[in-house]
Amino acid sequence: MKILIDMGHPAHVHLFKNFIWEMETRGHEVRVTARDKEVTQNLLKAYNIPYTLIEGKKHSLIQEWISRDIQMAKFARKSNPDIFLGVLNPVTAHSAKVLRKPSITLNDTEHAKIGTITTLPFTTVALTPSCFLKNIGKKQIRYNSYHELAYLHPDYFTPNPAVLNELDLKREDTFMILRFVSWNASHDKGQSGIKEKIKFVSDLKQYGRVFITSENTLPRELEHHRIQVSPEKLHDLLYYAALYVGEGGTMAAEAAVLGTPSIFVSSLAGTMGNFIELEDTYDLLYSFTDSDAAFVRAAEILRNSSCKEAWRMKLERLLNDKIDITAFMVWFTENYPLSIAEMKKHPGIQYFCTSDSGDAQ
């Protein structure tokens with residue numbers, strides 16, 4: 001089978017990397033294209049995943065998509081894949097439609113209206129978490145897991161403490177990771193997060209060292225807090241952190257599935273099923289629209305010296321409930337299109353996909 005995957009965001013590299021390696025081990029041919037978004041190319045290089053940059057004009061998002069649509073169609077016509085994969089990615093869905101090939105779209109972001117409108121009418125099937133808040137019709141297949149478990153499940157991720165040495169940290173040190181986003185993504189327009197950033201960091205510093213990752217230029221007073229490690233090591237650091245707090249939704253979910261207390265600060269709080277489930281069912285993550293309320297909860301967590309142990313115990317329950325999404329994607333893709341009918345008739349089959357075989361027994 002020839003598979004084409006487009007990486008529109010750094011998180012997609014993490015989501016698909018184990019899938020790519022497993023499919024190649026099984027003899028399939030995987031071609032990867034990428035958008036020049038933040039550290040996407042750095043991650044592909046770090047993981048030795050060959051890729052072709054499909055870059056569009058960036059005067060506006062619509063212009064970029066149209067430009068990437070044209071380039072992707074040309075690339076796909078030459079590489080002639082049997083199936084396309086992407087994360088709410090209009091480029092893969094459009095090219096697949098033009099070439100009369102199937103496309104699988106993964107989506108865990110309910111409020112991504114533009115991406116939904118421009119992608120779902122053209123894709124063949126949409127895979128969403130079981131906790132996804134919206135019913136998107138006959139194309140929707142629900143699976144009981146999160147994107148983040150594709151690369152942070154203990155079967156795939158082993159934290160490396162060497163990252164602590166790079167930042168002159170010891171395991172017993174208390175440190176926090178704070179993330180600011182640019183709010184430039186199409187689904188982030190008009191949204192907001194942490195107010196008075198300098199004060200927020202100053203208040204947080206009384207509990208330990210603060211490391212910041214930011215999509216934007218930081219205020220001069222905060223620049224020395226910026227994390228100075230390569231992007232592929234960030235999950236190691238997140239694992240050992242006492243707390244994550246920030247505006248980044250993906251990193252908030254990543255912290256939660258690593259067993260690190262997580263606080264999401266955004267006007268989007270309460271709009272995504274995976275965050276609601278992580279908070280209401282597993283008590284691993286808290287969402288706030290108000291920065292002051294978020295800090296109060298952060299301080300409560302940081303004053304509790306046994307908090308990290310408690311979070312790791314909560315995580316065990318989550319891991320027992322959720323499926324191996326990488327093994328599921330392997331099974332679903334290899335068995336397409338029969339896998340659609342199987343999931344419609346017997347959704348419980350997803351619990352029998354294993355990382356060893358990728359087959360539902």
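**Reading salt bridges, a helix and a sheet**

Mentor: At 26% relative accessibility, Arg 297 counts as partly exposed. Buried means under 20% relative accessible area, exposed over 50%, and partly exposed in between, with a 1.4 Å probe and protein chains only. This is a predicted model, in which local features need pLDDT of at least 70 and side-chain atom pairs count only at pLDDT 80 or more, while totals for chains, interfaces and linings use all residues. Residues are numbered from 1 along each chain as its sequence is written, and side-chain values use heavy atoms, with hydrogens and water left out.

Trainee: Which residue does the side chain of Arg 297 meet in a salt bridge?

Mentor: A salt bridge is a side-chain nitrogen of Lys or Arg within 4 Å of a carboxyl oxygen of Asp or Glu. Arg 297 meets Glu 300 in this way, at 3.2 Å from N to O. Glu 300 is partly exposed, with a relative accessible area of 40%.

Trainee: Where do Arg 297 and Glu 300 lie?

Mentor: An α-helix has 3.6 residues a turn, so residues three or four places apart point the same way. Both Arg 297 and Glu 300 belong to helix H12 (residues 291–303), three residues apart, which is about one turn of the helix. Helices (H or I, at least four residues) and strands (E, at least two) are DSSP runs, numbered from the N terminus.

Trainee: How many salt bridges are there by this rule?

Mentor: The count comes to 14 salt bridges. One of them joins the side chains of Asp 6 and Arg 68, at 2.9 Å from N to O. This pair links distant parts of the chain, with Asp 6 in strand E1 and Arg 68 in helix H3, 62 residues apart.

Trainee: Is Asp 6 buried or exposed?

Mentor: Asp 6 is buried, with a relative accessible area of 0%. Arg 68 is buried as well, at 2%.

Trainee: How should I read the surroundings of helix H4?

Mentor: Begin with its cover: seven of the nine residues of H4 (residues 90–98) are buried. Among them are Pro 90, Val 91 and His 94. Contact means heavy atoms within 4.5 Å. The buried residues of H4 pack against strand E1 (2–7), helix H3 (61–79), strand E4 (83–87), strand E5 (103–106) and helix H5 (113–119).

Trainee: What takes a positive phi just after H4?

Mentor: Arg 100 does, with a phi of about 60°.

Trainee: In what order do the five strands of the open sheet come?

Mentor: Strands of a sheet pair through backbone hydrogen bonds, either parallel or antiparallel. Two strands pair if DSSP finds at least two bridges between them. Here the order is E9-E8-E10-E11-E12, and the pairing is parallel. The edge strands, E9 (209–214) and E12 (285–288), each pair on one side only.

Trainee: Over how many bridges do strand E10 and strand E11 pair?

Mentor: E10 (residues 243–246) and E11 (residues 262–265) pair over three bridges, in the parallel sense. Tyr 244 stands opposite Ser 262 in E11.

Trainee: Which strands does helix H10 lie across?

Mentor: H10 (residues 249–257) lies across strand E8 (175–180), E9, E10, E11 and E12, running at about 165° to E11. Axes are lines fitted to C-alpha atoms, for helices over the stretch in contact, and angles run from 0 to 180 degrees between N-to-C directions.
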